[in-house]
Amino acid sequence: MSIKNISIVGSTGSIGMSTLRVVQAHPKSLSVVALAAKRNAEALYEQARKFRPKLVCIYEQDQAGWLEGRLKRFGIRVVTGDEGLIEVSTTRGAHQIVFATVGAVGLKPILAAIRAGKTVAIANKEPLVMAGELLIREAARNHVSIIPIDSEHSGLWQCLEGQTRGMVKKLILTSSGGPFFRKKIDFNKVTSRQALKHPRWKMGPKITIDSATLMNKGLEVIEAHYLYGIPYENIDVVVHPQSIVHSMVEFVDGSVMAQLSSADMRHPIQYCLTYPGRRPAT
């Protein structure tokens with residue numbers, strides 16, 4: 001069995017840590033060659049010490065000296081800033097780059113990875129929302145796959161496998177409804193602590209707040225439009241608090257295909273990393 005080498009941009013966040021748990025569960029098929037984090041140098045050090053990548057990036061430069069001193073004995077090189085993120089995203093020997101950052105900072109590294117011919121595994125919503133047309137066009141031009149990690153888009157991807165666009169009538173994303181669904185709440189008095197208490201998913205703070213306001217679902221509709229080339233009027237959202245059905249596809253013949261699994265991000269991450277095969281659940 002050949003080993004797939006991966007880089008993780010955003011390794012100390014929730015998606016990044018779940019990705020490393022998947023790698024740890026499949027040491028014979030997955031290996032880490034580069035890691036990047038924004039500012040959590042201590043967590044990045046522990047990850048690097050455990051997984052021994054060749055390269056790490058700490059985005060905030062004031063943490064680089066401390067990290068470099070700690071990793072020197074392992075022969076791990078440390079880079080910083082936007083240039084460092086791009087280096088991690090294009091590093092030689094990496095087959096697949098996992099983008100688990102938050103915000104626009106991921107756009108340039110993702111574009112660089114695509115142009116370097118890397119398979120892109122994307123959980124970073126904002127670049128697709130900002131520049132989806134550009135990223136999809138560049139991926140086609142460079143014969144590169146963009147594979148979604150979000151549970152909803154992974155579900156759509158699995159349902160659409162082997163289908164053509166002309167067969168699709170509608171994409172259906174599901175939403176948990178967030179922490180305030182069916183609750184009588186004065187939104188003028190809502191606290192951040194309440195908004196960060198998601199009923200189903202354990203996620204980073206930004207995406208959790210976006211889920212509480214349902215802004216996240218609006219971003220996912222835009223993502224689905226670009227990832228699958230389906231018009232907005234053919235993309236629906238339904239509230240499904242149990243979060244068992246992650247997405248559905250309605251076909252022109254009236255059939256509906258759904259993807260179901262427990263609310264654990266390791267499932268879509270593992271499928272993304274081991275595609276086109278499947279491995280036992282971690």
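Predicted model: local features only at pLDDT ≥ 70, side-chain atom pairs only at ≥ 80, totals over all residues.

Student: What makes strand β1 and strand β2 a pair?

Tutor: Two strands pair if there are at least two bridges between them, and β1 (residues 4-9) and β2 (residues 30-37) are joined in the parallel sense over six bridges, so they count as a pair. They belong to an open sheet of seven strands with the order β4-β3-β2-β1-β5-β6-β7, in which β4 (77-80) and β7 (146-148) are the edge strands, each pairing on one side only.

Student: Why is the contact between lysine 169 and glutamate 250 called a salt bridge?

Tutor: The cut-off is a side-chain nitrogen of Lys or Arg within 4 Å of a carboxyl oxygen of Asp or Glu. The closest N and O atoms of lysine 169 and glutamate 250 are 3.6 Å apart, and therefore the contact qualifies. Because lysine 169 lies in strand β8 and glutamate 250 in strand β10, the pair ties together parts that are 81 residues apart in sequence.

Student: Why is glutamate 138 called buried, and why does arginine 141 count as exposed?

Tutor: Buried means under 20% relative accessible area, and exposed means over 50%. Glutamate 138 has 5%, so it is buried, whereas arginine 141, at 54%, counts as exposed.

Conventions
Residues numbered from 1 in each chain as written. Heavy atoms only, no water. Helix = DSSP H or I, 4+ residues; strand = E, 2+ residues; numbered from the N terminus. Buried < 20%, exposed > 50% of the residue type's maximum accessible area, 1.4 Å probe, protein only.
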